Amino acid sequence: MGNVLISQEQITTSITGADAYKVRYKSYDLHGKATESTGLVIAPSGAGDNRKVMTWAHGTTGMGDASQPSGQDDPARELTLYFASGSTTPIDFGVPGLQKFIDDGYVVVATDYQGMGTDGIHQYTNNITNALDSLNIVKAARELPVGAGTKFGFIGWSQGGGALAIAELDAKDYGDLELIGAIGMSPGVPAIALKLPGLGSAMGSGAPIPPDGHLFMILAAMVAAYPEELSLDDVFTPLGKQLFEENWNTAPVHHLSDMLMRNFHRYGPVIQVNKEKLPVWMKAFEASSAAQKKPVCPILVLIDGQDPEGPCPLPWQLGYIDAIKALGGDITSSTYPEDDHFSLPQASVDEARTWLNSKF
């Protein structure tokens, strides 16, 4: 690939003892198609060499430019939640435990994923494409004067947790980088979810499906990833297609979800799957998801236990663990019974940091 970094801009940060950059860099999707992504690099101030690196893969924000974490005000910060009391942000952004990672000497990188502030439709929950962005931003950081080394760890949450596929990539993808450990906080892996009762049976029924914003984005993103094999007509009603085309780039996830629900109640279904096309869809989900190969490093899964039916239901998380065990992977887990999907990152990040430190 050669040089990966396209541009960099130093920005202010509320993290003490740190320098922060907004970057644009070269990446590619699961088919090897060239893409570009943006993101953040935050590093301890001053000279350094061979620093350990942590790449953060964020949770669901949306599908387009309005959902770009690094495009928010003061983006190089601790995790800020849309659902927190007093929130004024349209999306979740920031990195949990960022100050402590900097204090521990890490270079922290945080991708936005392709299509968020760059050309194209974001391949939402395409675990492999998201993982490649999370990897290639590490390469971009090594071209900055921040002392980033070749050894790195990964932490992803929700959608980003599905980017645990970063531990299943080909040797040519890593280049001179070494992944020493990968952590998924409530990971979302579509191929696992669709094999379980609930989402899978709903898609296979052929009946109209209530307009969940996450599922709506998953289906549209799969068409973006497989434009020759899949079509919006396979899964959306004419109303659904209209709502997608008018809003994918400008409505973050919670705005989109509310919009879909209102239009559903007023005008009718937006999601209806053509059962005859389901086999080709399932094949695409399998090919783009994590849990296909034995991971190249140890895996830690951090589970939110307060709401078993949350955004990434408990069976999805346990199903990923079972799948990696079946592949012979080194995987452990911890459950946080008092935390829901949204409090989990801040509740569990100290365990995540301690675990990563032990792997370097």
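Q: Which backbone oxygen does the side chain of Gln292 reach at 3.1 Å?
A: The side chain of Gln292 reaches the backbone oxygen of Ala287. This is a predicted model, in which local features need pLDDT of at least 70 and side-chain atom pairs count only at pLDDT 80 or more, while totals for chains, interfaces and linings use all residues. Residues are numbered from 1 along each chain as its sequence is written, and side-chain values use heavy atoms, with hydrogens and water left out.

Q: Why is Gln292 called partly exposed?
A: Gln292, found in the loop between helix 9 (278-288) and strand 10 (299-304), has 34% relative accessibility and therefore counts as partly exposed, since buried means under 20% relative accessible area, exposed over 50%, and partly exposed in between (1.4 Å probe, protein chains only).

Q: Why is Thr61 called buried?
A: Thr61, in the loop between strand 4 (51-57) and helix 1 (98-103), has a relative accessibility of 0% and so counts as buried. The side chain of Thr61 reaches the backbone oxygen of Ser67 at 2.8 Å, and the residues that Thr61 touches (heavy atoms within 4.5 Å) include Pro69, Ile91 and Met116.

Q: How do you know that helix 6 and helix 9 are roughly perpendicular?
A: The axes of helix 6 (residues 213-225) and helix 9 cross at roughly 85° and come within 11 Å. Angles of 65 to 115 degrees count as roughly perpendicular, under 35 as roughly parallel, over 145 as roughly antiparallel and the rest as oblique, so helix 6 and helix 9 are roughly perpendicular to each other. Among the residues that meet are Ile218 and Met222 in helix 6, and Trp281 and Phe285 in helix 9.

Q: What makes helix 7 roughly antiparallel to helix 8?
A: The axes of helix 7 (residues 238-247) and helix 8 (residues 253-267) cross at roughly 150° and come within 11 Å, and that angle makes helix 7 roughly antiparallel to helix 8. The contact is made by Leu239, Leu243 and Asn247 of helix 7 with Leu256, Met259, Leu260, Asn263 and Tyr267 of helix 8.

Technical notes:
Helix = DSSP H or I, 4+ residues; strand = E, 2+ residues; numbered from the N terminus. Polar contact = N/O pair within 3.5 Å; in protein donor to acceptor, adjacent residues only side chain to side chain. Axes fitted to C-alpha atoms, helices over the stretch in contact; angles between N-to-C directions. Lists of a residue's contacts leave out its neighbours within four places in sequence.
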